[in-house]
Amino acid sequence: AEAEALAHEYVLVFSKEPQDPSSPVALLGVAGRNVYVDAAGQWQARTIPARLRLYPFMLAAGQAPGQYVVARDAEAPHFQGEDGQPLFDGQGQPSPLVQQVTGALIELQRSQLEAQALTQQLEAAGLIDERRIDVQLKDGSWRSYAGFKAVVEERLAALDEATRAELQQSGALKLLELHRASLANFGRLAA
């Protein structure tokens with residue numbers, strides 16, 4: 001759901017990690033440094049990915065398949081100190097804050113599952129694969145980026161009309177086009 005907003009500022013690629021199968025991800029930096037956060041710790045992009053906006057809360061797998069529970073990073077600075085909002089009311093029920101966060105986490109999970117399904121369609125059509133992208137820096141040198149999946153342009157160009165129509169109908173092609181457009185943002189990472 002947020003891919004369109006993120007594609008304007010970030011590089012969107014597809015995860016190749018087994019624990020995060022077929023997920024679109026936004027690259028935030030290189031060599032362990034987030035290029036979107038300045039020295040003072042301030043975010044330097046207009047759009048902050050939802051997963052980061054919702055931190056220190058997340059959904060964790062429950063005991064039953066498909067069951068999730070709201071979890072928090074108890075070590076996060078958000079929970080240090082005396083000030084803050086309660087997580088539960090006097091009767092032990094989730095506070096309005098927790099209810100709001102829960103709704104946002106559920107929507108994020110729904111969106112992630114939808115994005116995974118679209119990405120799986122792109123994989124099945126052979127349109128994304130593990131790639132290396134080379135970017136030329138301002139000084140004329142080159143930097144290579146790898147460790148993700150990206151569009152295979154030759155396969156996209158050769159895509160048959162029936163498959164193209166199916167991917168267009170599902171929304172998978174729109175996701176692929178957002179990914180392709182976002183590749184122009186590699187300059188910010190490279191700089």
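**Exercise 1. Determine how many positive and negative side chains the protein has and how far apart the centres of the two sets lie.**

Solution. Lys and Arg are counted as positive and Asp and Glu as negative, while His and the chain ends are not counted. Each charge is placed at NZ of Lys, CZ of Arg, CG of Asp or CD of Glu. On this basis the protein carries 17 positive and 24 negative side chains. The centres of the two sets are 5 Å apart.

The structure is a predicted model, in which local features need pLDDT of at least 70, side-chain atom pairs count only at pLDDT 80 or more, and totals for chains, interfaces and linings use all residues. Residues are numbered from 1 along each chain as its sequence is written, and side-chain values use heavy atoms, without hydrogens and water.

**Exercise 2. State where in the protein confidence is lowest and where it is highest.**

Solution. The pLDDT is the predictor's confidence in each residue, from 0 to 100. Its average over the protein is 89, and 97% of the residues score at least 70. Helices (H or I, at least four residues) and strands (E, at least two) are DSSP runs, numbered from the N terminus; the protein has seven helices and eight strands. Confidence is lowest in helix H7 (residues 186–190), with a mean of 77. It is highest in helix H5 (residues 161–170), at 97.

**Exercise 3. Describe the aromatic pair formed by Tyr10 and Tyr36.**

Solution. Rings of Phe, Tyr and Trp (its six-membered ring) pair if their centres lie within 6.5 Å; planes under 30 degrees apart count as stacked, over 60 as edge-to-face and the rest as tilted. The structure holds four such pairs. For Tyr10 and Tyr36, the centres are 4.5 Å apart and the planes make 50°, a tilted arrangement. Tyr10 is in the loop between helix H1 (3–7) and strand S1 (11–14), and Tyr36 in the loop between strand S4 (33–34) and helix H2 (50–53), so that the pair links parts of the chain 26 residues apart. Both tyrosines are buried, a term for under 20% relative accessible area with a 1.4 Å probe and protein chains only.

**Exercise 4. Explain why the pair of Phe148 and Phe186 ties together separate parts of the sequence.**

Solution. The two rings form a tilted pair, 6.5 Å centre to centre with 35° between the planes. Phe148 belongs to strand S8 (residues 142–151) and Phe186 to helix H7, so the pair joins parts 38 residues apart in sequence. Phe148 is buried at a relative accessible area of 5%, and Phe186 is buried at 2%. Ring pairs also bring in Tyr145, giving a cluster of Tyr145, Phe148 and Phe186.

Technical notes: Buried means under 20% relative accessible area, exposed over 50%, partly exposed in between (1.4 Å probe, protein chains only).
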